[in-house]
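Here is a short report on one structure. Please look through the sequence and the model before reading on.

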Amino acid sequence: MIELRRADYEAIIAHARREAPRECCGLLAGHGSRVERVYEVPNRADAAAEFFAERGLYPEGKISGLRGPEVLTAERFFMDPEAQFRALRDMEARGLEHIGNYHSHPASPARPSRTDIELAAYWSHVYHLICSLADPEHPDLRAYRIVNGQVTEVPIRIIDEAESGSAAER
Ligand SMILES: [Zn+2]
């Protein structure tokens, strides 16, 4: 189980909505399974598109059927390395652990894509949260552990501010 304050839950959904139809991405910091801080990280898929273009490494779009730079900007995220580094340094300064990553799926379900599972190989120690906006009226935020290609969904417990004090004592 991962614990998320309602304000942070709302912030992730708001970030996803703001970036749509592009994917949003960010980092989660806290202690153990409790998120205490959300870091939005700019999605630099556009810059990554240039990088891949130079090397002829475009993936094929699974949802859009696109092939080329549009695939990367529409169906992928690439965290800005500098913002990512600054966020990690800030966590360290605040005595927080990096416990999760999040990104959005503007048009597909809140399940890790094949690419998400491949990328998670570098992040097996953290939770992976995905916010789907496939049904715009009902955003679907889900959490996973992804270890050695094995995906396990982890329940999210939303903590309302009123009960955050008692939850902290547990
Ligand atoms: Zn994804």
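Is C131 buried or exposed? C131 counts as buried, because its relative accessibility is 0%. Here buried means under 20% relative accessible area, exposed means over 50%, and partly exposed lies in between (1.4 Å probe, protein chains only).

## Basis of the model

This is a predicted model: local features need pLDDT of at least 70, side-chain atom pairs count only at pLDDT 80 or more, and totals for chains, interfaces and linings use all residues. Residues are numbered from 1 along each chain as its sequence is written, and side-chain values use heavy atoms, with hydrogens and water left out.

## Cysteines

A disulfide is taken as a pair of cysteine sulfur atoms within 2.5 Å. By this rule the count is zero. For C131, the closest cysteine sulfur belongs to C24 and is 6.6 Å away, which is too far for a bond. C24 is buried as well, because its relative accessibility is 0%.

## Zinc site

Donors are N, O and S atoms within 2.8 Å of the metal (3.2 Å for Na, K and Ca); water is not among the atoms, so sites may look incomplete. H103 (NE2), H105 (NE2), D116 (OD) and D116 (OD) coordinate the zinc ion at 2.0 to 2.6 Å. Along the chain, the donors follow the spacing H-x1-H-x10-D. H103 sits in strand β4 (residues 97-105) and D116 in helix α5 (residues 114-119), so this pair ties together parts that are 13 residues apart in sequence. Helices (H or I, at least four residues) and strands (E, at least two) are DSSP runs, numbered from the N terminus. Both H103 and D116 are buried.

Why is the arrangement irregular? The four donor atoms subtend angles of 55 to 156° around the zinc ion. Four donors count as tetrahedral if all angles lie between 85 and 135 degrees; four count as square planar and six as octahedral if opposite donors are over 155 degrees apart and all others between 65 and 115; anything else is irregular.

## Strands around β4

Eight of the nine residues of β4 are buried. Two strands pair if DSSP finds at least two bridges between them. Strand β2 (residues 25-31) pairs with β4 in the antiparallel sense, over six bridges. Here L28 has G100 of β4 as its bridge partner.

β4 also pairs with strand β5 (residues 127-132), in the parallel sense and over six bridges. The bridge partner of Y102 is L129 in β5. From β4 the chain crosses through α5 to β5, and this β-α-β crossover is right-handed. Right-handed means that, with the strands pointing away from the viewer, the path from the first strand over the helix to the second runs clockwise.

## Salt bridges

The whole structure holds 13 salt bridges. Each is a side-chain nitrogen of Lys or Arg within 4 Å of a carboxyl oxygen of Asp or Glu. One of them joins E3 and R157 (2.9 Å, N to O). It links distant parts of the chain: E3 is in strand β1 (residues 2-5) and R157 in strand β8 (residues 156-159), 154 residues apart. E3 and R157 are both buried.

E40 pairs with R18, their closest N and O atoms being 2.6 Å apart. E40 is in strand β3 (residues 34-41) and R18 in helix α1 (residues 6-19), so the bridge ties together parts 22 residues apart in sequence. E40 is partly exposed at 41% relative accessibility, and R18 is exposed at 52%. D140 and R142 form another salt bridge (2.8 Å, N to O). Salt bridges that share partners also join E3, R34 and R157 into one network.
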